[in-house]
Number of protein chains: 2
Amino acid sequence: MSTFQDYLAALADRVTVALNDLLPCPTGPEKHLISAMRYAALGPGKRLRPYLLIESGRLVDADEQALLHAACAVECMHAYSLVHDDLPCMDDDDLRRGRPTVHREYDEVTAVLVGDALQSQAFELLADPETHASSAVRAELVLRLARASGPRGMVGGQMIDMAIKTGEVEDITIITRCQRMKTGSLISFCVEAGPVIAGADGDVRLALEGFAHDLGLCYQIVDDLLDARGDDRRTGKRIGKDADQGKATFVSILGVEGARDRAIRLADQAKAHLDPFGDRAGGLHEVIDHILARQS
Amino acid sequence: MSTFQDYLAALADRVTVALNDLLPCPTGPEKHLISAMRYAALGPGKRLRPYLLIESGRLVDADEQALLHAACAVECMHAYSLVHDDLPCMDDDDLRRGRPTVHREYDEVTAVLVGDALQSQAFELLADPETHASSAVRAELVLRLARASGPRGMVGGQMIDMAIKTGEVEDITIITRCQRMKTGSLISFCVEAGPVIAGADGDVRLALEGFAHDLGLCYQIVDDLLDARGDDRRTGKRIGKDADQGKATFVSILGVEGARDRAIRLADQAKAHLDPFGDRAGGLHEVIDHILARQS
């Protein structure tokens, strides 16, 4: 295992430990719901979004405790979106991160409510004075996460994605916009959170926003490539699903080689955005390489 | 129509007009989702929660614009909970507020995502600087709404309610706790928001919290009485559902007369909490009478 992967795994552990402390305890008649929330949020995962948030926050010397809490909030938001995406009426998936999805392990009612509760948990974490002493920082984090996850962000992207799946949409411009909203907006939030926490200036924010934009799209193209070529032992979810469903993806439109080229070009662009940070951006350079090389 | 009902209707209209302005416009490839959000949030409704929020906020001279925006946020949160409660895997309802439920008018995928998007919209509204100039107020509103709607609040209550429906739970203590969480916590948020916005002191908050507690339970008991005795022309939803499902309710446990007596006692207690406000609390006294007398 490379040094970088050790580092990523250590940070993932730190986030999981923090989330374990921050999520409510399974007590009271609502304990069934809370156990299922914990199952969804604390399961194995690379914690790539928390990594991006913490690592880009360190570039601007943001407070570590605030970064950790914000990272946990993003992980709750991400986990909720996975639980709802997996529902029978959505992707109807049985496996997630190598384990039964929430509606398979529990039931559909529980899965809907777990997603709902994890979303409110994300906002509760950001608004909590424990996260940051400044209410201006907390309110701005909430506002940005709400916009990133709402109808013009993650949920809007998921809605378009469902239309793409049923073959209603096959336009590369709309597919790009969809992925930008569905995956990219939360990734953008991750790299914006550090500058908000640190009160960093406009130029730094702009550089990180450019980085997030290219990285998010690169991530999604690699995801499509993995779906087209991967195997389900590695991804921990059913694969070849997109092709089964006749869904237009970057791969179906650009071809495997075209999609691969596009991903590499986006990775290069993402790195170029980090030039102003010099060597300090090493951790973010490595995560780009990791995403390009990922097998799951 | 009584003067009070005119007043309630006028305030409901004002909230609907504001919500119409504050919700996103149905443009872009995500317009299907946004149209459905607007269908769910802007449909006919008494806007009882916004009324409570605005009327109790006026008791402490809270800023009107802030009250209106916070009222819209609560209505988004309430609308989301109705859309998810109506889903086939939950209550499987066809009618809501006299119109087809979101999953009947659109489809199940849309209904899940509409609920998700309305929840993030609620937090976006509260965190927006347009709502209040003070970030401390905005962050506190977010924190309180997140707690009121999360696993120890509304969503937790809904989880317990599903267990009550399947007959797993028949204990009056748990049923009371469930209703306190499912309905009461959002009602409590409504009467707490005004004092937060106005920066009002502890005694005032305590009086309004006591009021909210008794009112929320009273509201739910009347709901159970309506379900047991109402007709679906008036309530705009399928009735006698609880009895069909063998669900334990205040009525099945206390009997119709017992439940009625309990509701009246709670209404009296709720009014007593308002004594410190004297005549200024007239609008809240009237809403209690309205709830006791409601036929739908």
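Predicted model: local features only at pLDDT ≥ 70, side-chain atom pairs only at ≥ 80, totals over all residues.
Trainee: In which helix is P195(B) found, and which residues does P195(B) touch?

Mentor: P195(B) belongs to helix α9 of chain B; helices (H or I, at least four residues) and strands (E, at least two) are DSSP runs, numbered from the N terminus. Two residues touch, or are in contact, if their C-beta atoms, placed from the backbone, lie within 7 Å. Not counting residues up to four places away in sequence, P195(B) touches V60(B), A200(B), V204(B), R205(B) and L208(B).

Trainee: What separates the C-alpha atoms of T110(A) and A66(A)?

Mentor: Those C-alpha atoms are separated by 30 Å, for residues 44 apart along the chain. T110(A) lies in helix α6 (residues 108-127) of chain A and is buried, with 23 other C-beta atoms within 10 Å. Leaving aside residues up to four places away in sequence, T110(A) touches H32(A), L33(A), A36(A) and V102(A).

Trainee: How does one check the span of helix α7 of chain A?

Mentor: The expected span is 1.5 Å times one less than the number of residues. Helix α7 (residues 135-149) of chain A has 15 residues and should span 21 Å; its end C-alpha atoms are 21 Å apart, which agrees. Of those 15 residues, 13 are buried, so α7(A) is largely enclosed by the rest of the structure.

Trainee: How many residues has α8(B), and what does it reach from its first C-alpha to its last?

Mentor: α8(B) has twelve residues and reaches 16 Å, close to the 16 Å expected. Ten of its twelve residues are buried, so α8(B) is largely enclosed by the rest of the structure. Among the buried ones are M154(B), V155(B) and I164(B). Their cover includes α2 (31-42) and α6 of chain A, together with α4 (64-85), α7 and α9 of chain B. Just after α8(B), G167(B) takes a positive phi of about 80°.

Trainee: Which value of phi has D61(A), and where is D61(A) found?

Mentor: D61(A), although not a glycine, has a positive phi of about 55°. It sits in the loop between α3 (48-59) and α4 (64-85) of chain A, and with 12 C-beta neighbours inside 10 Å it counts as exposed. In chain B, R47(B) is also a residue other than glycine with a positive phi, near 55°. R47(B) is found in the loop between α2 and α3 (48-59), and is buried, with 24 other C-beta atoms within 10 Å.

Trainee: Which residues touch the most other members of the largest nonpolar core?

Mentor: A nonpolar core is a set of buried Ala, Val, Leu, Ile, Met, Phe, Trp, Tyr and Cys residues joined through C-beta atoms within 7 Å. In the largest one, of 188 residues, they are A70(A), V114(A), V142(A), A70(B), V114(B) and V142(B). The contacts of A70(B), not counting residues up to four places away in sequence, are L53(B), L126(B), T131(B), L141(B), A193(B) and I197(B).

Trainee: How many residues does each chain give to the contact between chains A and B?

Mentor: Chain B gives 44 residues and chain A gives 44 residues. On the side of chain B that touches chain A, α6(B) gives the most, with twelve residues. That side divides into 25 nonpolar, ten polar and nine charged residues; Ala, Val, Leu, Ile, Met, Phe, Trp, Tyr, Cys and Pro count as nonpolar, Asp, Glu, Lys and Arg as charged, and the others, Gly among them, as polar.

Trainee: What rotation superposes chain B on chain A?

Mentor: Two copies of a chain are related by a rotation about an axis and a shift along it. Here the rotation is 180° with 0.0 Å of shift along its axis (RMSD 0.0 Å). The two copies are thus related as by a two-fold rotation axis. The superposition is by least squares on the C-alpha atoms of residues with pLDDT of at least 70 in both copies. Moreover, 100% of the interface residues of chain B are also interface residues in chain A, so the copies meet through the same surface.

Trainee: What pLDDT does chain A average?

Mentor: pLDDT is the predictor's confidence in each residue, from 0 to 100. Chain A averages 92, and 93% of the residues score at least 70. For the complex, the predictor gives an ipTM of 0.93 and a pTM of 0.94.

Terms used:
Residues numbered from 1 in each chain as written. Chains lettered and ligands numbered in written order. Buried ≥ 20, exposed ≤ 12 C-beta atoms within 10 Å, placed from the backbone.
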